[in-house]
Structure formats: C-alpha cells, structure tokens
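Work through the exercises below with the sequence and the 3D view side by side. Try each task before you read its solution.

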Amino acid sequence: MIKANQTRISRICQGDIIKNIEYIESVSEKNGIIQIYRILFPHIIVLTQDCDLAQDYSVRWGKKGQKNEDKKILSALVAPLYNVEHIYEGTHLSELGHTMQIINKSKTPGRNLRNNETPRYHYLEFTENIPIVPSVIDFKHYFSLNLEYLKKIKRENFVCKVSEIYREDISQRFASYLARIALP
C-alpha cells in the first residue's frame, strides 16, 4: 500500500501525481494547416529527482535578478499511471491503437507485477482516501513535460504526492530499468 498525502506544495515535486495531463505526441503541417496530435493521460507521476526540481524552482520563481541559472532544468520526467486491470488485459493503450501483452493476473506474471518483481513495471495501490484505482507505472513509457505547464496544471489537477520512501523506491527501480543491458 503506497502512502501518499494530499498536501499541496506550489512547486513540482518528485512523486507528485497529477491528473488529466496532455502530452503532445506530434505536430505536423500540411498546406499551411498545423495539426497537433495529443494524448490525454488520466494520471502521471513525476520522476525527476526532487533536489533538481527544488533548485529549478528557486532559480525560476525565486529571487529575481540571479545571474547564474545553471540549476534550471528544461523539463521534468514523468510516466503515466495505468489501471492495473487494463495492464492485465493488455488494453491500456488500446485508444492509441496499440495491442499490448496480456499478463495473467492469477498466475506468476501477475503476482510478480504486484510484488514489484517485474523490472519494467511498478505497482501502486493507494489508501482509501486517494481516489485512484490500483495502478502500474510502465517505465518504458516515460516522457518529459515543460515545468511551467506542469506547475500551471498542478494548481487544479493535483491528486497526491507519494511519500518519500516510496518515491525513492520508484526512482531506484526506474533508474535500474533505464540502466539495463540488453544481451543479444
């Protein structure tokens, strides 16, 4: 069970879960007409380290007139949260036309996923006061978002913040997944 709290902090924090996030998948132009293809994610979690986010915040929105902006970051890494039942069914990206692997929830693959023994996924189950169904982070689906956009949308769409010990576990597992070495 993930411990999370609903205390709002104005800056973006590692472990923030925010709802209704738009991701611009692509932009194209044809004959002077610009088409923007967006994906709306019901929930995302912020993966960027909290120290980097705090330093960025102090440079970006802190004291004006600072000459040194080397702590400023361009964007934050985030990952969508998927309903675990949709992960089991392989339908979590069906609205994008993708067919995903089915995971048998009552056998070893499902148990491994729920026990966070599958490196690609991180299972989250929230306490009753957090209005999110049991969910999964798929570390393969991370992306970056503009910090100003995130800060603006967080005001209205903040759901909760994962407690430090749990967010560090997620961070370690994410880093481990990214650092994996594929063998032929």
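A residue counts as buried when its relative accessible area is under 20%. Keep that cut-off at hand. Keep in mind, too, that this is a predicted model.

**Exercise 1. Lysine 154**

Task: Decide whether lysine 154 is buried or exposed, and find what it touches.

Solution: 
- Step 1. Locate the residue: lysine 154 lies in helix 4.
- Step 2. Apply the cut-off. The relative accessibility of lysine 154 is 3%, so this residue counts as buried.
- Step 3. List the contacts, leaving aside neighbours within four places in sequence. Lysine 154 is in contact with Arg8, Ile9, Ser10, Arg11, Ile12, Cys13, Asp16 and Ile18.
- Step 4. Take the pair lysine 154 and aspartate 16. They are 138 residues apart in sequence, yet 8.9 Å apart in space, C-alpha to C-alpha.

**Exercise 2. Isoleucine 153**

Task: Repeat the analysis for isoleucine 153 in helix 4.

Solution: 
- Step 1. Isoleucine 153 has 17% relative accessibility, so it counts as buried.
- Step 2. Not counting residues up to four places away in sequence, isoleucine 153 touches Ile18, Asn20 and Ile21.
- Step 3. Isoleucine 153 and lysine 19 are 134 residues apart in sequence, and their C-alpha atoms are 8.7 Å apart in space.

**Exercise 3. Helix 1**

Task: Check the span of helix 1, then find its buried residues and what covers them.

Solution: 
- Step 1. Helix 1 has twelve residues. At 1.5 Å a residue, they should span 16 Å.
- Step 2. Compare with the model. The end C-alpha atoms of helix 1 are 16 Å apart, which agrees.
- Step 3. The buried residues of helix 1 are Asp50, Leu53, Asp56, Val59 and Arg60.
- Step 4. Recall a general rule. An α-helix has 3.6 residues a turn, so residues three or four places apart point the same way.
- Step 5. The cover over the buried residues of helix 1 includes strand 3, strand 4, helix 4 and helix 5.
- Step 6. Zoom in on leucine 53. At 3% relative accessibility, leucine 53 counts as buried. Beyond its neighbours within four places in sequence, its contacts include Arg11, Val46, Ile73, Ala76 and Leu147.

**Exercise 4. Two helices meet**

Task: Describe how helix 1 and helix 4 pack.

Solution: 
- Step 1. Read the geometry. Helix 1 (residues 50-61) and helix 4 (residues 147-157) pack at about 90°, and their axes are 12 Å apart.
- Step 2. Name the arrangement. Helix 1 and helix 4 are therefore roughly perpendicular to each other.
- Step 3. Find the residues. Leu53, Asp56, Tyr57, Arg60 and Trp61 in helix 1 meet Leu147, Glu148 and Lys151 in helix 4.
- Step 4. Sort them by class. The contact has four nonpolar and four charged residues, and no polar ones.

Definitions and conventions: Residues are numbered from 1 along each chain as its sequence is written. This is a predicted model: local features need pLDDT of at least 70, side-chain atom pairs count only at pLDDT 80 or more; totals for chains, interfaces and linings use all residues. Side-chain values use heavy atoms; hydrogens and water are left out. Axes are lines fitted to C-alpha atoms, for helices over the stretch in contact, and angles run from 0 to 180 degrees between N-to-C directions. Helices (H or I, at least four residues) and strands (E, at least two) are DSSP runs, numbered from the N terminus. Angles under 35 degrees count as roughly parallel, over 145 as roughly antiparallel, 65 to 115 as roughly perpendicular and the rest as oblique. Contact means heavy atoms within 4.5 Å. Ala, Val, Leu, Ile, Met, Phe, Trp, Tyr, Cys and Pro count as nonpolar, Asp, Glu, Lys and Arg as charged, and the others, Gly among them, as polar. Buried means under 20% relative accessible area, exposed over 50%, partly exposed in between (1.4 Å probe, protein chains only). The expected span of a helix is 1.5 Å times one less than its number of residues.
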